[in-house]
Amino acid sequence: MRPDLFEAPDYYNLDALLTDEHKLVRDAARQWVKREVSPIIEEYSQKAKFPKQLIKGLSEIGAFGSYIPLEYGGAGLDQISYGLIMQEIERGDSGIRSTASVQSSLVMYPIWKYGNDTQRKKYLPKLASGEWMGCFGLTEPDHGSNPSGMVTNFKDKGDHYLLNGAKMWISNAPFAQVAVVWAKDENERVYGLIVERGMEGFTTPETHNKWSLRASATGELIFDNVKVPKANLLPNKSGLGAALGCLDSARFGIAWGAIGAAMDCYDTALRYSKERMQFGKPIAQFQLQQKKLAEMITEITKAQLLTWRLGVLKNEEKATSAQISMAKRNNVEMAINIAREARQILGGMGISGEYSIMRHAMNLESVITYEGTHDIHLLITGLDITGLNAFK
Ligand code: TGC
Ligand code: FAD
């Protein structure tokens, strides 16, 4: 892969809306991605391997538990800082951002919000440092968009719970020490349970042959009469809303992350188009290529402003789930469209691993599906504005 020459586009001077702390956090993440991710990511992605050596650095830039309080080992930052960190990591690779989103929003967040203090103290510092990695099990083979139908279940056996079922498409599963698993009790009520690697009957087979998110490890979670200590049930919130509450936090991070992937594709295409000569001119001089580039920067700028405003609302605890859905849906589609257009600007070179564009394009095919598909988020907006539920 070529040297990373990335220069972040900021057409509407969004930097003026950021605090010094935001810029400090963002720039540290940006430098780290240039130094540690860009030089190796193509090779790991081609080999479909998660680069485990990045875990320590991810922790150091505050990517694990960005907004979790310092007393639990988190970085104690605000939501915009969290978003900016996700943006910078996904500028490098969506799969690495996935690892960080899952750790922060889908594992640390539920333990922090729904767990008791013993659970917080036991798990959060180790997850923040990356000593333990976590995964989040909601999706099942027969229940993806409709997690309310889940069949994974646990029974009260007096001194422990007995857990049975299976989850699939689980990011980080093959190496995670800790899994936050959503399952129904005997009354069909959904609870989160902390399952640890090594518990008898718990296995995590890896999912192979992915054409997307190849540098992220994906797997199944299989529970065959797993005895889970009662102390591992998250006591402070139950019902499907508890699981979906974690998704709000992760979807918020993805809305920012997708901007990072789009910025990288735009920046690469802009630079290439000014250097690549055809018909005696740089291709950037042709109107058709300028149209592509001008539309890209317009869409990136709109997404940056949407997401910044969402961050302000999130900091004020006023962001609604539907607002988060709109940003996730808009920004991922924006990024995937930009990746496709940028790939064309590079002509044949667009499909080469020498540049990041094709990898981003392939990664974004997962990002547009996970954490609620593009269609599901549209229906969430539809429900919000009409009051009429297309899911029921
Ligand atoms: P519905 O009846 O609407 O809701 C059930 C309860 O949940 C509440 N609720 C929410 N709470 C917090 N945040 C949200 N976003 C919420 N959405 C709904 C709701 O108020 C209700 O509460 P209560 O108290 O009345 O019981 O549920 P439904 O069964 O009709 O489903 C609605 C639907 C389709 C929108 C939802 O289930 C959904 O979002 N489906 C998509 C599934 C999904 O996003 N799965 C993601 C799996 S995790 C993942 O992909 C990780 S990828 C990680 C990575 O690598 O980055
Ligand atoms: P389905 O729900 O079967 O949907 C198939 C199609 O039908 C979609 O286009 C969908 O939009 C459409 N559809 C479904 N219902 C409706 C409707 N009511 N109206 C209109 N259209 C509809 N899950 C986790 O729990 N944890 C993870 O860590 C995780 N990581 C993932 C990593 C990767 C790489 C991938 C690909 C997925 C991951 N997922 C994870 C699973 C992901 O959340 C699901 O794939 C996603 O929610 C969609 O579920 P599904 O694949 O079963 O598709």
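This is a predicted model: local features need pLDDT of at least 70, side-chain atom pairs count only at pLDDT 80 or more; totals for chains, interfaces and linings use all residues.
**Exercise 1. Find the salt-bridge partner of Arg91 and follow the network it belongs to.**

Step 1: The partner is Asp264, and the closest N and O atoms of this salt bridge are 3.0 Å apart.

Step 2: Look at where the pair sits. Arg91 is in helix α3 (residues 79-92) and Asp264 is in helix α6 (residues 240-275), so the bridge links distant parts of the chain, 173 residues apart.

Step 3: Both Arg91 and Asp264 are buried.

Step 4: For the whole structure, the tally is 23 salt bridges.

**Exercise 2. Describe the salt bridge between Asp117 and Lys121 and where it lies.**

Step 1: Here the closest N and O atoms are 2.9 Å apart.

Step 2: Asp117 and Lys121 are both part of helix α5 (residues 117-129), and four residues, about one turn of the helix, separate them.

Step 3: Asp117 counts as partly exposed because its relative accessibility is 30%. Lys121 counts as exposed because its value is 58%; exposed means over 50%.

**Exercise 3. Explore the largest nonpolar core, then pick out the contacts of Ile89.**

Step 1: The largest nonpolar core has 68 residues, and Ala63, Ile89, Ile111 and Trp182 have the most contacts inside it.

Step 2: Helix α4 gives this core its largest share, 10 residues.

Step 3: Zoom in on Ile89. Once you set aside its neighbours within four places in sequence, Ile89 touches Val33, Leu58, Ile61, Ala63, Ile96, Arg97 and Ala100.

Step 4: There's another core, apart from the largest one, with 34 residues, including Leu213, Ala269, Tyr355 and Ile357.

**Exercise 4. Characterise the packing of helix α4 against helix α9.**

Step 1: The axes of α4 (residues 94-114) and α9 (residues 357-367) come within 9 Å, crossing at roughly 35 degrees.

Step 2: On the α4 side, the contact is made by Ser94, Gly95 and Arg97; on the α9 side, it's Asn363, Leu364 and Val367.

Step 3: Sort these residues by type and you get two nonpolar, three polar and one charged.

**Exercise 5. Find out which way the paired strands run, β2 with β3 and β1 with β4.**

Step 1: Strands β2 (residues 153-156) and β3 (residues 160-171) run antiparallel and are joined by four bridges. For instance, Phe154 has Leu163 as its bridge partner in β3.

Step 2: Look at the turn. β2 and β3 make a hairpin with three residues between them, and Gly158 in that turn has a positive phi of about 90 degrees.

Step 3: β1 and strand β4 (residues 178-184) also have four bridges joining them, but these two run parallel. Cys135 has Ala179 as its bridge partner in β4.

Step 4: Finish with the faces of β1 (residues 134-137). Both are covered: Gly134 and Phe136 are buried on one side, and Cys135 and Gly137 on the other.

Technical notes:
Residues are numbered from 1 along each chain as its sequence is written. Chains are lettered from A and ligands numbered from 1 in the order in which they are written. Side-chain values use heavy atoms; hydrogens and water are left out. Axes are lines fitted to C-alpha atoms, for helices over the stretch in contact, and angles run from 0 to 180 degrees between N-to-C directions. Contact means heavy atoms within 4.5 Å. Ala, Val, Leu, Ile, Met, Phe, Trp, Tyr, Cys and Pro count as nonpolar, Asp, Glu, Lys and Arg as charged, and the others, Gly among them, as polar. A nonpolar core is a set of buried Ala, Val, Leu, Ile, Met, Phe, Trp, Tyr and Cys residues joined through side-chain atoms within 4.5 Å. Buried means under 20% relative accessible area, exposed over 50%, partly exposed in between (1.4 Å probe, protein chains only). Two strands pair if DSSP finds at least two bridges between them. A salt bridge is a side-chain nitrogen of Lys or Arg within 4 Å of a carboxyl oxygen of Asp or Glu.
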